[in-house]
Amino acid sequence: MRDARDALMVARNTDGKLVRRPLSPHVLNYRWPLSGLLSGTHRITGLGLGVGTLLMTWWLVAAASSDSAFAAVQWFLSSWLGILCLCGWTFALFQHLFSGIRHLAWNAVYGFEKSEYRATNWAVIAASAVCTVATWIVGFVVW
Amino acid sequence: MASPGDTPRIDMLRSPLGRARGVGAAHAGTGHSWAQTVTAIALVPLSLWFVCGMIRMIGASRHDVAAWLSGPVPMVLMILLIVATFHHLQLGVQAVIDDYVREPGLRLGSLLVVKGAAVVLALLCIVSVLRLGFL
């Protein structure tokens, strides 16, 4: 024992022999379950959408203010950085939306079985990807 | 109660007195969860409508935006979207801050900043929509 804290890690087993307590592996050694990953993503996309509201506010305030202010926001949104922001914003919106719908179902005590939440994991991922791509295809057609 | 294979369901965890009072151990909190849920339900159709509206506004001029928002239905839906979005947002960020910020002063400070910013941004959006609609 080199550290006082090690004393807490010693115990007697059922035979009365002194043994080191087993340590569980560090959290990063576990494989992330998909549902846990999606739960984290739900929070991150929610925060991302919060940042995205700044973009919506800028757009509305500029439109209500002056032609030059509106030209500036439209210029930014059609720049590559603006389009990148809007792409991320679209994906975040759909991910948070479909994951949120699943949360509403869970609130109503539906979909807690392993087979159900495993299927809805992939449904959330597929729906957010398909809707993001579809939105941009429609967007570029309109443009 | 549950047939084999079903997830067991517990319908009542509270004492009859606790149920009658209608508050949990913190004496508050169901209001937060309920508001989060109600705004979430409202935002399902509203955000889909918003995405469609934004696609229509690609390459639009200020005049086009004003013409769109001067209709009573788009104006009302847009204001509803703004109110539901910022209310839902500040409730959600509050949950994140409560989870991760441990120092009480920093927690209170960040909650004040987030909630204040949500009110300011929501008012900026609403006033802009009204100004565009009534321009």
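Chain B has five helices and zero strands, where helices (H or I, at least four residues) and strands (E, at least two) are DSSP runs numbered from the N terminus. Read from the N terminus, the order of elements is α-α-α-α-α. This is a predicted model, in which local features need pLDDT of at least 70, side-chain atom pairs count only at pLDDT 80 or more, and totals for chains, interfaces and linings use all residues. Residues are numbered from 1 along each chain as its sequence is written, with chains lettered from A and ligands numbered from 1 in the order in which they are written.

Of the 135 residues in chain B, 16% are buried, meaning that 20 or more other C-beta atoms, placed from the backbone, lie within 10 Å of the residue's own.

Next, one helix pair. The axes of α3(B) and α5(B) lie 7 Å apart, at an angle of about 95°; axes are lines fitted to C-alpha atoms over the stretch in contact, and angles run from 0 to 180 degrees between N-to-C directions. So α3(B) is roughly perpendicular to α5(B), a term for angles of 65 to 115 degrees. On α3(B) the contact uses Val65(B), Ala66(B) and Leu69(B), and on α5(B) it uses Val129(B), Leu132(B) and Gly133(B). Contact here puts C-beta atoms, placed from the backbone, within 7 Å.

Now the other chain. Chain B gives 26 residues to the contact and chain A gives 27 residues. On chain B, α2 (30–56), α3 (62–69), α4 (72–100) and α5 (104–133) each supply at least two residues of the side touching chain A.

Methods: Two residues are in contact if their C-beta atoms, placed from the backbone, lie within 7 Å. A residue is buried if 20 or more other C-beta atoms lie within 10 Å of its own, exposed if 12 or fewer, and partly exposed in between; C-beta atoms are placed from the backbone. Angles under 35 degrees count as roughly parallel, over 145 as roughly antiparallel, 65 to 115 as roughly perpendicular and the rest as oblique.
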